[in-house]
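Subject: A structure for you to explore

Hi there,

I have a structure to hand over to you, and I hope you will enjoy turning it around on your screen. Please open it first and keep it beside this email as you read.

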Amino acid sequence: MVFEPPKRLVRALGETAPDGDDWLEKLPEAAQQAVALREFTVERVQVPGGRSSLVVLVRTADGTPAVLKLAPGRARPEAERAALAHWGGRGAVQLLEPFTAQGVLLLERLHPDVSVRSLPEAKALLEAAGTLRRLWVEPPADFPFETVAERTGRQAEAMRARAQADPEVAPLVGLALAAREELLAAPPEHRLLHGTFRQSKVLSGERMPWLAVGPDPVVGECAFDLARLVRDRVEDLIAQPSGAATTRRRVKRLAESLDVDQERLRGWTLFRAVESGVRAGRVGRPRDAELLLEFAGWL
């Protein structure tokens, strides 16, 4: 079988490595080797798939359905492996092989085409939030993960540079950076976080109704993790005449349901929306940038 990278993956990796690298070129051969080494039967490549990895639906030698995932180093697959091992299947997809080749993960098979986004919005938020709560555990000793301060510090540098080049975004960037400084001054807890949690990252499973996939783990306060969920279905929010009021109600409802400080959630939602909007503008996605920055302005 020829392992053709999905267009979505090629496009997304082009945004994160505009000068290119050889991972995509080597990917078909690496996938062939991973399959042959374990005598897997390949069913199909998941399409459209993820933005940072190739996902292949396979069956192991004994017929067990599984997922083979290959990701470049810049997607931090070894951090994902460490987080999944620490969670041990509690709220998240389970590792089937703790140790595989670098950048290769073998995972339990969920229902890849059924996420909580298939549910009505209120039910989807409820189920997603319940899944996220199970992931917020004490990180392992000597954890190999970035902290929220470290990750957002890198992002803040890119935001400042963009604000200097584009004065239109400078006021929102200033608000977002000020919120970050205030939030980092006194974080209320340090937990292992999913890092990129949203409705599409919660899939239907057999072992549990819903399980999280695709973490980019980070250690910090829970409000940071919840902030990405606030803006889920942002295009629908923007299309509503009452979008701003709906957003503020969503912040309040999610904060109360997960015992997170409402103002801290609002602050991290602002920072993450502005950061995503600035990044979208930088890599040539003006429509996404416009939506995200309009959403951020409501906060």
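Below is what was found in it, one region at a time.

First, some ground rules: this is a predicted model, where local features need pLDDT of at least 70, side-chain atom pairs count only at pLDDT 80 or more, and totals for chains, interfaces and linings use all residues. Residues are numbered from 1 along each chain as its sequence is written, and side-chain values use heavy atoms, with hydrogens and water left out.

**A pocket**

Rolling a probe the size of a water molecule over the atoms shows where empty space is left. On a 1 Å grid over the protein atoms alone, a pocket is an open set of points where a 1.4 Å probe fits, with protein on both sides within 12 Å along at least five of seven lines; lining residues have an atom within 4 Å of a point. The second largest pocket holds about 170 Å³ of space, where a volume is the space filled by probe spheres set on the points, and points are joined across faces, edges and corners. Its lining is made of 13 residues, and A30, L70, A101, Q102 and V104 lie nearest the centre. Helix α2 (residues 23-38) gives the largest share of that lining, 7 residues. Helices (H or I, at least four residues) and strands (E, at least two) are DSSP runs, numbered from the N terminus. Sorted by class, the lining has 9 nonpolar, 3 polar and 1 charged residues. Here Ala, Val, Leu, Ile, Met, Phe, Trp, Tyr, Cys and Pro count as nonpolar, Asp, Glu, Lys and Arg as charged, and the others, Gly among them, as polar.

Next, find helix α7 (residues 222-230) and helix α10 (residues 262-282), which pack at an angle of about 65 degrees with their axes 8 Å apart. The axes are lines fitted to C-alpha atoms, for helices over the stretch in contact, and angles run from 0 to 180 degrees between N-to-C directions. Which residues of α7 and α10 meet? From α7 they are A223, F224, D225, L226, A227, R228 and V230, and from α10 they are R264, L265, W268, T269 and R272; contact means heavy atoms within 4.5 Å. The residues of this contact divide into 7 nonpolar, 1 polar and 4 charged.

**Helix α3 and what follows**

In helix α3 (residues 77-87), the buried residues are P77, A79, E80, R81, A83, L84 and W87. Buried means under 20% relative accessible area, exposed over 50%, and partly exposed in between (1.4 Å probe, protein chains only). The cover over these buried residues includes β3 (65-70), β4 (104-108), α4 (121-135) and β7 (191-193). After α3 comes G88, with a positive phi near 60 degrees. G89 lies in the loop between α3 and β4, and G89 is counted as buried because its relative accessible area is 3%. Leaving aside residues up to four places away in sequence, G89 touches L84, Q94, R207, M208 and L211.

**Backbone details**

Most residues other than glycine have a negative phi, and most peptide bonds are trans. The peptide bond from V47 to P48 is cis, with omega near 10 degrees, and P48 is found in the loop between β1 (41-45) and β2 (54-59). R76, in the loop between β3 and α3, is not a glycine and has a positive phi of about 55 degrees. R233, in the loop between α7 and α8 (234-239), has a positive phi near 60 degrees. Is R233 buried or exposed? R233 is buried, because its relative accessible area is 13%, while R76 is partly exposed at 29%.

- L9 lies in helix α1 (residues 7-16) and is buried, with a relative accessible area of 0%. L9 touches W23, L27, G50, R51, S52, S53 and L54, not counting residues up to four places away in sequence.
- A122, in helix α4, counts as exposed because its relative accessibility is 59%. The C-alpha atoms of A122 and R250 are separated by 9.7 Å, and the two are 128 residues apart along the chain.
- A158 belongs to helix α5 (residues 148-165) and is partly exposed, at 29%. Its C-alpha atom is 8.2 Å from that of R279, which is 121 residues away along the chain.

Happy exploring!
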